[in-house]
2 protein chains.
Amino acid sequence: MTPGPTPVPPEVLLAQASPMIHHRAPIYTEIILEVLEDLKYVFQTKNDIIMFASSGTGAMESAVANCFSAGDKVLVVSIGNFGARWAKISEAYGLNVTLLDYEWGTKADPADIEKALAADPDLKGVLVTHSETSTGVVNDIETMGAIVAKTPAIFIVDAISGLGASDMQTDNWNVDVCVAGSQKALMTPPGLAFASVSDKAWQAVETSTLPKFYFDYKKSRDALHKAEPQSPFTPAVSTILGLAVALKMIREETLENVFARHHVNAAATRAGVKALGLELFGTEDPNAHSVTAVKAPGDVDGQAIVKSLRVKYGITTAGGQGKIKGKIFRIGHCGYYDKFDILSLLAGLEMALVGLGHEVTAGAGVAAAEQVFEANS
Amino acid sequence: MTPGPTPVPPEVLLAQASPMIHHRAPIYTEIILEVLEDLKYVFQTKNDIIMFASSGTGAMESAVANCFSAGDKVLVVSIGNFGARWAKISEAYGLNVTLLDYEWGTKADPADIEKALAADPDLKGVLVTHSETSTGVVNDIETMGAIVAKTPAIFIVDAISGLGASDMQTDNWNVDVCVAGSQKALMTPPGLAFASVSDKAWQAVETSTLPKFYFDYKKSRDALHKAEPQSPFTPAVSTILGLAVALKMIREETLENVFARHHVNAAATRAGVKALGLELFGTEDPNAHSVTAVKAPGDVDGQAIVKSLRVKYGITTAGGQGKIKGKIFRIGHCGYYDKFDILSLLAGLEMALVGLGHEVTAGAGVAAAEQVFEANS
């Protein structure tokens, strides 16, 4: 129960174990076209989606390398570790970064973006995180998108841990490049990353002079729009076979129901944690469905809780990253989870806390979560 | 029987279907350390090996982006499509490329590299292909390495389709960056790429100013040399679980026996093809174990042979790439193949040729290959 890689359904694992197929054979073309259609459903977009054999960071880098040129001014909005990554990538490529840096645990204020864009009409892009994995907080992409759409800037969103868990309407919310990965709510092993590219972004791609080859959007688009659609380089075939099954599962459940299931799982987790007397880290947000960040109680280190859960109870959670390491622990509930996963986690947490000498009422967390599940059944 | 992705042993496919593990958990560290040790055995190197979730081209790009700076002069040695890719990547990164371009089907002459390096002491690197997938030809890396080692230039070798099939002694042959992928002789699905980095190459990395983030060698090295070795970004966990099994299979068979098996499979394929009256494309080379390129007979197009084999007989081979499309077809025998795969391919080829109206003595190809297998049993 980390924020990812997340558990993979057996159907997806078995699809991955299918015999290898050749990526220049017609059967591959059929599969990839269906996968890309299903991805568009999850991205809620009509735009082309570019797929890479890489982790999510590769697709983040692709957005920077394809949309900008050295020295371009960009606004990076950071509310945690992965927002900071946008700044690092942009700086690695020689962009001129204006950083809107918020305290970890808080949301970005769209009005600040509006002010920054008004103050500097040369800003060529706004880079932001949808669901910030390090803190569990989800940004208001809809409001931000409406603001950026009025300017010439490209709106680039890292939706790696949020897409398919919390609502993320790429087209309706004016997102020009939406980046995601296979290993979070898409319930597939890591190794695939995606970037949807709007018409406005394609115009930026045409003038970009930053060096790129493997992550070159134009190469991917040209291969995709051949009579027999292909990828420019050897794709991660097995992972794609798995993804194809996972996407069908999402379509069958429907995005609406997937979001609702995530919502209840997140609400039950938070109710359970609070019933154990623990405090949530950061702004509590009913739309944040991927991760619950919890403050470690004063008498126990966050890393010790993670270790006890793993070693004594076989439950993998995550500690804090960067400057909040030890102060929090994080429970992932993004992807293939149902109520008994949440209840097991809370039971394990109760036992771990007792074992670490922290006083809790055993059963109180589970009971509170049960109430949430019953109220939503 | 394409030059890749190659067939994956069931043991490897099943390992891929194992439940997901978290890449920051101790169990992952154990696995990755063993995988990296086993990779060093296959690379025949003591150098660090950097692993990426990407296809082989990503690792090729990593070598360029990490070893050079804009405007650096490099010598690209091309004997086919993948040699040409070195030039394209180098040019995308603003390097100043001197191209040694050989006719497709021939080998590069190491003496030409010696001359080029003597003529221009500013050359910062030599980029070459080990096994050229588009033509089946293998370059003389050993002689080239001895020449480049006497200069300050970095010797970078694309061994994607050759590593684990034909001998490739990274350290003994003075290869500074050796690039490989999971989906060829390593018998694993595509999605992982590797680069071994020598001390000489690390010195170049220190002064390189080209932009990079996802493919940054220093980030990978720093993560790898932590107390609990990690990767900087989410690794392709399932593919790594598969690779771990494939590498154990190679160690058990031993590299020597793996090369010998490839040698006999290649020799039998070529004997069979010739017994059918077909001509090999390019220089025949007893060390070229990955691919056999065959000239299409005058009365049949190469693509038609590939299509007939696929549609009528369920055997996937590859056509010609680029300027020799239609003129040749390619049989891959790199990786998880044994004699009956080769014999089946030759039987299929006999039937396909007859079906396409080309006169052959049915059984002659299979018989010639049987003789090679018997002589080597």
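This is a predicted model: local features need pLDDT of at least 70, side-chain atom pairs count only at pLDDT 80 or more; totals for chains, interfaces and linings use all residues.
Chain B repeats the arrangement: its own helix H10 (residues 255-275) lies across E10 and E12 of chain B, running at about 10° to E10(B). A rotation of 180° with 0.0 Å of shift along its axis superposes chain A on chain B, with an RMSD of 0.0 Å. The two copies are thus related as by a two-fold rotation axis.

- E11(A) and strand E12 (residues 328-332) of chain A pair in the antiparallel sense over 2 bridges.
- Within that sheet, A:Gly319 has A:Phe329 of E12(A) as its bridge partner.

**The three-stranded sheet in chain B**

- Chain B has an open sheet of 3 strands in the order E10-E12-E11, with antiparallel pairing.
- Its edge strands are E10 (291-295) and E11 (318-319) of chain B, and each pairs on one side only.
- E10(B) joins strand E12 (residues 328-332) of chain B through 5 bridges, in the antiparallel sense.
- B:Val294 finds its bridge partner in E12(B) at B:Phe329.

**Buried strands of chain B: E7**

- Strand E7 (residues 154-158) of chain B has 5 of its 5 residues buried, so it is largely enclosed by the rest of the structure.
- In a regular strand the side chains alternate between the two faces of the sheet.
- B:Ile154, B:Ile156 and B:Asp158 point one way from E7(B), while B:Phe155 and B:Val157 point the other way; all are buried.
- Strand E4 (residues 123-129) of chain B pairs with E7(B) in the parallel sense over 5 bridges. In this pair, B:Leu127 stands opposite B:Ile156.
- E7(B) also pairs with E8(B), in the parallel sense, over 3 bridges. Here B:Ile156 stands opposite B:Val177 in E8(B).

**Buried strands of chain B: E9**

- E9(B) is mostly covered, with 6 of its 6 residues buried.
- Both faces are covered. B:Leu192, B:Phe194 and B:Ser196 lie on one side, and B:Ala193, B:Ala195 and B:Val197 on the other.
- Strand E8 (residues 177-181) of chain B pairs with E9(B) in the antiparallel sense over 5 bridges. B:Gly181 stands opposite B:Ala193 in E9(B).
- Strand E1 (residues 48-53) of chain B runs antiparallel to E9(B), joined by 6 bridges. B:Met51 has B:Phe194 as its bridge partner in E9(B).

**Helix H9 of chain B**

- Helix H9 (residues 237-253) of chain B has 17 residues. From first C-alpha to last it reaches 25 Å, close to the 24 Å expected at 1.5 Å a residue.
- Its buried residues are B:Val237, B:Ser238, B:Thr239, B:Ile240, B:Leu241, B:Gly242, B:Leu243, B:Val245, B:Ala246 and B:Leu247.
- B:Thr254 follows H9(B) and has a positive phi, near 75°.

**The interface between chains A and B**

- 43 residues of chain A are in contact with 43 residues of chain B.
- On the side of chain A that touches chain B, H1, helix H3 (56-67), helix H4 (81-92) and H9 each supply at least two residues.
- H3(A) gives the most to this side, with 4 residues.
- By class, this side of chain A has 22 nonpolar, 17 polar and 4 charged residues.
- 100% of the interface residues of chain A are also interface residues in chain B, so the copies meet through the same surface.
- A:Ser54 comes closest to the rotation axis among the residues of chain A, with its C-alpha at 2.4 Å.

Definitions and conventions: Residues are numbered from 1 along each chain as its sequence is written. Chains are lettered from A and ligands numbered from 1 in the order in which they are written. The expected span of a helix is 1.5 Å times one less than its number of residues. A residue is buried if 20 or more other C-beta atoms lie within 10 Å of its own, exposed if 12 or fewer, and partly exposed in between; C-beta atoms are placed from the backbone. Two residues are in contact if their C-beta atoms, placed from the backbone, lie within 7 Å. Ala, Val, Leu, Ile, Met, Phe, Trp, Tyr, Cys and Pro count as nonpolar, Asp, Glu, Lys and Arg as charged, and the others, Gly among them, as polar. Copies are superposed by least squares on the C-alpha atoms of residues with pLDDT of at least 70 in both. Two strands pair if DSSP finds at least two bridges between them. Axes are lines fitted to C-alpha atoms, for helices over the stretch in contact, and angles run from 0 to 180 degrees between N-to-C directions.
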